[in-house]
Amino acid sequence: MRIGIDLLWVRVGKCGGTESYIRNLLDGFQKYDGSNEYVLFVARDNEESFRHYGEKNGFTLHICPINCANQAKRILWENLHLDRTAKKEEIDVMFIPVYSKPWTYGNGIPYVTVIHDLQALHFPEYFSCLRRMFLKYAWWNTCSTSDTIITISNYCRDDLVAKYPCVKDKIYTIYNPIISKPSNLTFSDIREKFDICEEKYFYCVSSILPHKNLSTILYVMLRRKERGMTEEKFVVSGVGGDVESIQKIVQELDIQDMVIFTGFVTDQERDCLYENCLLFLFPSIFEGFGMPPIEAMRKGKNVVTTECACLKEVTEGKAFYVKEPMDVEEWLERIEEAEKTPAHVERFEKYNLENVVGQYRQVLEI
């Protein structure tokens, strides 16, 4: 089969977990699928980051005349031209790894689309009116016209079926692939850069968006400071969101010496930060999947997170859970419990790349 994959939406280094998901999956197709051909539809300004796939057997890059940085023009081009371009490339099935399935023009190409969550329906206050309108249309169009819908957790599947009943008989849950490997860095490689000591910091990988609930952990750090527990720092790696607002809270609480926002880090730096943290904290109140807690547990770290959305499902009940995500005292109790509990490596084999690629092939090879 000749499978097309829409990568026009990937703004390199700015799409967070969704970008990690598709890059992991591409690595899996490359490693474990020797029978299908893949055509990657890329933009002029992200083509270089996918070029190495075009050098492999079974992969071809089609560079489209659009820049992913201009989201409005990109979406318009996708809707006007992607289906016709796929027809010219003799694509047997189009795979859209995000919610924005384009219009089709009777070319008969089946579409398999992934919807990662319906966050804007649960937290509309985090989105502009225009953005909400677009997302609602995109979800409706995707659910109504895609031949198959993939979602990334049972929580998300149930949410979609409740909001869009038309997907009931064409929806599949396939968990995200997670690649875990050693950082190949020593702690000395990052100690000075981030001003931290080994196993003297709590780590979090997260954007700075309201639903990530990072402000609650800032008040946790304040309470620890008031109790004289100032040895550990809170280190956050990630991009996206209102960094200035969260930094303002840090200043108001006078905990600048206890909180570090690293911004973007390389995969190697992130993995080294996982490997050397004391605990991994993930206070999010909404996730479609949530890769970081699993990555941390695979590194042999205890994780304290919430029971919100899919988090208990995907971590399989193996973390330490806060029932009330904004309750500072409960966070302090769970952190203390996790600190006293010996950690061990959790394997989570169902997220292994080969398993996930096999499930995707079953759906794509229709």
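1. Ala309 sits in the loop that runs between strand S12 (303-306) and helix H12 (311-314). This is a predicted model, and in it the phi of Ala309 is near 50 degrees, a positive value in a residue other than glycine. Its relative accessible area is 25%, so Ala309 is partly exposed.

2. Asp195 is another non-glycine residue with a positive phi, here about 55 degrees. The loop that holds Asp195 lies between helix H7 (188-194) and strand S8 (201-205). Is Asp195 buried or exposed? With a relative accessibility of 52%, Asp195 counts as exposed, the cut-off for that class being over 50%.

3. Helix H14 covers residues 353-364. Its 12 residues, at 1.5 Å a residue, should span 16 Å, and the end C-alpha atoms are 16 Å apart, which agrees. The buried residues in H14 are Leu353, Val356, Val357, Tyr360, Val363 and Leu364. These residues cover an arc of only 120 degrees around the axis, which puts them on the same side of H14.

4. What covers the buried residues of H14? The cover includes helix H1 (16-32). Strands also contribute to it, including S1 (2-6), S4 (93-96), S5 (111-115), S6 (148-151) and S7 (171-173).

5. Helix H2 (residues 47-54) has Glu47, Phe50 and Tyr53 as its buried residues. Viewed down the axis of H2, they fall within an arc of 90 degrees, so they line one face of the helix. Their packing partners are H1, strand S2 (37-42) and strand S3 (59-63).

6. In helix H6 (residues 154-163), which residues are buried? They are Cys156, Asp159 and Leu160. The arc they cover around the axis is only 95 degrees, which puts them on the same side of H6. The buried residues of H6 pack against the strands S5, S6 and S7 and against helix H4 (119-122) and H5.

7. Helix H3 (71-88) supplies at least two of the patch residues, and so does helix H5 (129-145). One member, Leu80, lies in helix H3. Leu80 counts as partly exposed because its relative accessibility is 31%, and patch residues need over 30%.

8. Where is Tyr126 found? Tyr126 is in the loop between H4 and H5, two helices that also pack against the buried residues of H6. Tyr126 has a relative accessible area of 29% and is therefore partly exposed.

9. Which residues does Tyr126 contact, its neighbours within four places in sequence left aside? The contacts of Tyr126 are with Gln119, Pro210, His211 and Ile285. As for Val259, Tyr126 is 133 residues from it in sequence, and the two C-alpha atoms are 24 Å apart in space.

Conventions:
Residues numbered from 1 in each chain as written. Predicted model: local features only at pLDDT ≥ 70, side-chain atom pairs only at ≥ 80, totals over all residues. Heavy atoms only, no water. Helix = DSSP H or I, 4+ residues; strand = E, 2+ residues; numbered from the N terminus. Expected span 1.5 Å × (residues − 1). Buried < 20%, exposed > 50% of the residue type's maximum accessible area, 1.4 Å probe, protein only. Arc of directions from axis to C-beta. Contact = heavy atoms within 4.5 Å.
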